[in-house]
Amino acid sequence: LHMGKTMKEDLTVVVKYIKQLYPPEFNVCSTYAELYHNYFASQAKKNAESHLEDKDIYLLLSWVHNIYPKDMRKDHVLAEELEKVKLGSLLPSSLSKELEKKYLDSEEATIKNSLSKCLDKEIQRWKEDKEPEKLNGHFQSELLAIFVIQSIYSGQKRAKDISVAVGEELSHRLWKELPAFLKSYKDAFEDFKEKSKKHRYYKPILIANINNCWNFRDYAEKNMAEKDDNKVGILSTLGDIENSGFDVLLQQLFAQLKPIYKKFTENKWDSSNEIMNEIIKTTGKHISDFRTLKDPFYHAIVEKIHARLVKEYIVRLLKRKVSLKTPAQQQNLAQSISKNAADLEAFCTSNGSQATWLNSALPKLAEIIRLQDLGAIKIEVATLATTYPDIRKRHLEAFLYIKANLSRGELKSILGYLADSTASTPPGAPLFSNIHVS
């Protein structure tokens, strides 16, 4: 600092006052500049070759890449004269690269270590007998995400202040570090999830950790290139944490719904409205607990519920428990399914489900039951297969068991039509593909 200040002040005196006392061919500014530069460079080299603490390496690199070339040599009084002199860098390139590597290795190790300590503290917080804090009605455990993101951002900024190249290299290293850190976070979360089921605030802590994923997800989306493998890894790990948390949160609800859904076939679809009301009432009690999730996660879990409610209803229709011989009987069942479908859609939509792709499944199945004309049934089956390309022959065959007035030939004709229309269609959003037909 002293050398830099002296050099800048002395050269300013040379440019302002001494230069005019010499003939131009003396190049007095160049002479002074070279002498000062050579001395400064020799001292910098001497320092660089001695044992330096991390902060000293950072300061020296700042001089080499930033302060010396930008603040001093580009000074408004000196710039014009110094541009005429080929002064070069304060350090030889090889020595500069060696210092950069030391700095990058040290910075990476320091940040990695601080992230690990922060995760340990977070795990300790989960074990305390305390409910997570709420922010805007959502459980949160944001200190971890804030600390991690700030550590990475601060490290990147410090490195970028040395030079763009050093900044990019550290960013590259830290973006490799983030997926590794998140895998450790995921392992810790899984461990808590399995071992702490009797914790007083088990579900709130799960919800806080799911909410935590949002900050990491938002950071990766905004700061990392679309095709970056690290970004893909980060988003995949976050998805695993979120879905793992959702599965636990939904376990109890799905267990309670199972026996209620069985009533549809046990009662031969009589009193199906009462059964659907019971399903909606049971689900509604659980959904209120999920309001403490951040909005994107709340919508995601409600859509999972919506998909499960529709899927379980379809499972009961494929159980081959009801075989109706007359059009009137089929008409009545179709009306019941349509009513149930409308109630289910209204409930899910009012609770924030945006999974509109699910809404036509049950009405289309109801329509196939209602229709009696073979051509009309085929058209409806084709429409169903276009909307839900993962439906297969085995699903339709089990479903058509309901229509006992179809001949073997008619049944074969309808099934053949489905095979043709879905042969080359890849599955879209899965609905039927995870329905097992016994």
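This is a predicted model: local features need pLDDT of at least 70, side-chain atom pairs count only at pLDDT 80 or more; totals for chains, interfaces and linings use all residues.
How do the residues of the lining of the second largest cavity divide into nonpolar, polar and charged?

**View 1. The largest cavity and its lining.** The count comes to 2 cavities of 30 Å³ or more, and the largest cavity has a volume of about 60 Å³. The elements that contribute two or more residues to the lining of this largest cavity are helix H11 (295-317), helix H12 (327-350) and helix H13 (361-370), with H12 giving the largest share, 3 residues. The lining consists of His306, Val310, Ala341, Leu344, Glu345, Leu358, Asn359, Leu362 and Pro363, and by class these residues divide into 6 nonpolar, 2 polar and 1 charged.

**View 2. The second largest cavity and its lining.** The volume of the second largest cavity is about 30 Å³, and the residues that line this cavity are Thr265, Trp269, Arg316, Leu317, Lys319, Arg320, Lys321, Val322 and Ile402. In answer to the opening question, the lining of the second largest cavity is made up of 4 nonpolar, 1 polar and 4 charged residues.

**View 3. The packing of H11 against H13.** The axes of H11 and H13 lie 10 Å apart and the two helices pack at an angle of about 20 degrees; since angles under 35 degrees count as roughly parallel, H11 and H13 are therefore roughly parallel to each other. The crossing in which H11 passes H13 is left-handed. On the H11 side the contact is made by Val310, Tyr313, Ile314 and Leu317, which meet Ala361, Leu362 and Leu365 of H13, and by class this contact has 7 nonpolar, no polar and no charged residues.

**View 4. The largest pocket.** About 370 Å³ of space lies in the largest pocket, which is lined by 15 residues, those closest to its centre being Arg125, Pro132, Glu133, Gln140 and Ser141. Helix H5 (93-127), helix H6 (142-162) and helix H8 (202-223) are the elements that give two or more residues to this lining, and the lining of the largest pocket as a whole divides into 6 nonpolar, 2 polar and 7 charged residues.

**View 5. The packing of H5 against H6.** H5 and H6 pack with their axes 9 Å apart and at an angle of about 170 degrees; as angles over 145 degrees count as roughly antiparallel, H5 and H6 are therefore roughly antiparallel to each other. From H5, the residues in contact include Tyr103, Ile111, Cys118 and Arg125, and from H6 they include Leu143, Phe147, Gly155 and Ile162. By class, the contact of H5 with H6 has 11 nonpolar, 3 polar and 4 charged residues.

**View 6. The second largest pocket.** The second largest pocket has a volume of about 290 Å³, and of the 13 residues that line this pocket, Glu303, Lys304, Ala307, Arg308 and Asn434 lie nearest its centre. Helix H9 (229-266) and H11 are the elements that give two or more residues to the lining of the second largest pocket, with the largest share, 5 residues, coming from H11. By class, the lining of this second largest pocket divides into 7 nonpolar, 1 polar and 5 charged residues.

How values were computed
Residues are numbered from 1 along each chain as its sequence is written. Side-chain values use heavy atoms; hydrogens and water are left out. On a 1 Å grid over the protein atoms alone, a cavity is a set of points where a 1.4 Å probe fits but cannot get out, and a pocket is an open set with protein on both sides within 12 Å along at least five of seven lines; lining residues have an atom within 4 Å of a point. Grid points are joined across faces, edges and corners, and a volume is the space filled by probe spheres set on the points. Helices (H or I, at least four residues) and strands (E, at least two) are DSSP runs, numbered from the N terminus. Ala, Val, Leu, Ile, Met, Phe, Trp, Tyr, Cys and Pro count as nonpolar, Asp, Glu, Lys and Arg as charged, and the others, Gly among them, as polar. Axes are lines fitted to C-alpha atoms, for helices over the stretch in contact, and angles run from 0 to 180 degrees between N-to-C directions. Angles under 35 degrees count as roughly parallel, over 145 as roughly antiparallel, 65 to 115 as roughly perpendicular and the rest as oblique. A crossing is left-handed if the near helix is turned anticlockwise from the far one by less than a right angle, and right-handed if clockwise. Contact means heavy atoms within 4.5 Å.
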